[in-house]
Amino acid sequence: MNKKINRTNFLLLTASCLLFMFTACQKDDNLFEKPAPGEQAGEISLLFNIAGEPETRSAVDSTGNTQHVQYVQLYIFQGTGDNATCIASENIGWAEHFGNIPPTNNAQMKYKVKYNNFIIGNPYTFLAVGLDDQSGTTYGLPAAIMASGTPTTLGNANATLTSGASWTAISKSELFAGYSIITPTMYSLNNGRIDMYRRVAGITGWFTHVPTTVGLKTVSSIRVSLYTQQNKSVPLIKRQQKPLFQDYITSPATANTDSKVLFTIPAPGNTGTTVSQGVYVLPTPTPPAADSYNYTILIEVVATDGSTVSSKRVKLTQGDILDSSTGQGTGVIDQESDYRFPIIANHFYSIGTATSPIDLGGNI
């Protein structure tokens, strides 16, 4: 057999091989071609994280850094900013994930989003709202934010007291929220994380030496009040807090002064007994600089005839800075100066402590 290869045949063979290799490379490159903007994206996976501890101090019920979320709803908004529109809503199955025994401390859960019509290159805002056993009824959630009918915009994504609920329901309703912005870029899985924090503040008071009588009057209760009516709405997405505090919605709960009262504790009838109570309250701005607003929180000792027999103003404890970044424990200093501070979401305001309650002076 002739082992010599004709030069012309060799050149033809070489050209054929090069053409085959070029074609094969073209086909391989197509396998890794990036999708063009506007094409459908892949799945979204989210890690939900709920922080039990507030930004300052301990939980409102004084049992430690606890949270009471039993239900989490995910809302998907197309776009970012106030004009983004809710296009889908999903129950992530928070309680079911934990065997219907939701954790009461910091907790995490991974979840694969069911909605799958994401468009590559388009940003989406994922808003998660955590509810305890009462806040859903209090704020009409999850239905209050609609993904159909009249869709909610992100700028209007608020928790608002329902028309059929009393403003006092706010005091017992814990509410969490957090969000993440994701822009799908590939057909593969897109990962994100949502950290959820309280959108309410906690206020608790401890009192001792509660008088049974003051002069000729019999004491009936201790009343703790805000300088103004409580708000009934809160933005679910945290707004600016510094340098100008804007993380609230001016929305008086009632047309009268009743909603100024945070809580009332019946007089124990024994000056040696320590009493306490705690509530949740929606964010409230610092009182305006006027003589009639010389406090944020006021403690009153109330007689059976409804009159106030003594009162004390509350200020943040020594060392705290009275600006929108604070919200730690409080003490009582009854001076002529004004003690004004905002009520900030995820902050705990402790009027006295269990081991150092506020002394109300006993019988006078």
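This is a predicted model: local features need pLDDT of at least 70, side-chain atom pairs count only at pLDDT 80 or more; totals for chains, interfaces and linings use all residues.
Biologist: What makes S2 and S5 a pair?

Modeller: Strands are DSSP runs of E with at least two residues, and helices are runs of H or I with at least four, numbered from the N terminus. Two strands pair if DSSP finds at least two bridges between them. Strand S2 (residues 71–78) and strand S5 (residues 124–131) are joined by eight bridges, so they pair under that rule. The two run antiparallel. Gln 73 stands opposite Val 129 in S5.

Biologist: Which other strand does S2 join, and by how many bridges?

Modeller: S2 is joined to S3 by six bridges, again antiparallel. Phe 77 faces Cys 86 of S3 across that pairing. S2 and S3 form a hairpin, with six residues between them. In its turn, Gly 79 has a positive phi of about 100 degrees.

Biologist: Where do these strands sit in the sheet?

Modeller: The order is S3-S2-S5-S7-S8-S1-S4. That is an open sheet of seven strands with mixed pairing. Why do strand S3 (85–91) and strand S4 (107–112) count as edges? Each has a single partner strand, so one side of each has no neighbour in the sheet. From one strand to the next, the twist averages 20 degrees. The angles run from 0 to 180 degrees between N-to-C directions, with axes as lines fitted to C-alpha atoms (for helices, over the stretch in contact).

Biologist: Why is Thr 152 called buried?

Modeller: Buried means under 20% relative accessible area, exposed means over 50%, and partly exposed lies in between (1.4 Å probe, protein chains only). Thr 152 has 11%, so it is buried. Its place is in the loop between H3 and S6.

Biologist: What is Thr 152 in contact with?

Modeller: Contact means heavy atoms within 4.5 Å. Leaving aside neighbours within four places in sequence, the contacts of Thr 152 include Phe 77, Cys 86, Ala 144 and Met 146.

Biologist: His 209 and Asn 346: buried, exposed or partly exposed?

Modeller: His 209 has 34% relative accessibility, so it counts as partly exposed. Asn 346 has 3%, so it counts as buried. His 209 has a positive phi of about 50 degrees although it is not a glycine. Its loop lies between strand S9 (201–208) and strand S10 (213–214). Asn 346, likewise not a glycine, has a positive phi near 65 degrees.

Biologist: Which residues touch Thr 273?

Modeller: Beyond neighbours within four places in sequence, Thr 273 is in contact with Phe 207, Thr 208, His 209 and Pro 268. The C-alpha atoms of Thr 273 and Thr 208 are separated by 5.9 Å, though the residues are 65 apart along the chain. Thr 273 has a relative accessible area of 30%, so it is partly exposed.

Biologist: What is the volume of the largest pocket, and what lines it?

Modeller: A pocket is an open set of points on a 1 Å grid over the protein atoms alone, with protein on both sides within 12 Å along at least five of seven lines; lining residues have an atom within 4 Å of a point. The volume is about 160 Å³. Of the 14 lining residues, Ala 177, Asp 195, Tyr 197, Arg 199 and Lys 238 lie nearest the centre. Strand S7 (175–182) and strand S8 (190–198) each supply at least two lining residues.

Terms used:
Residues are numbered from 1 along each chain as its sequence is written. Side-chain values use heavy atoms; hydrogens and water are left out. On a 1 Å grid over the protein atoms alone, a cavity is a set of points where a 1.4 Å probe fits but cannot get out, and a pocket is an open set with protein on both sides within 12 Å along at least five of seven lines; lining residues have an atom within 4 Å of a point. Grid points are joined across faces, edges and corners, and a volume is the space filled by probe spheres set on the points.
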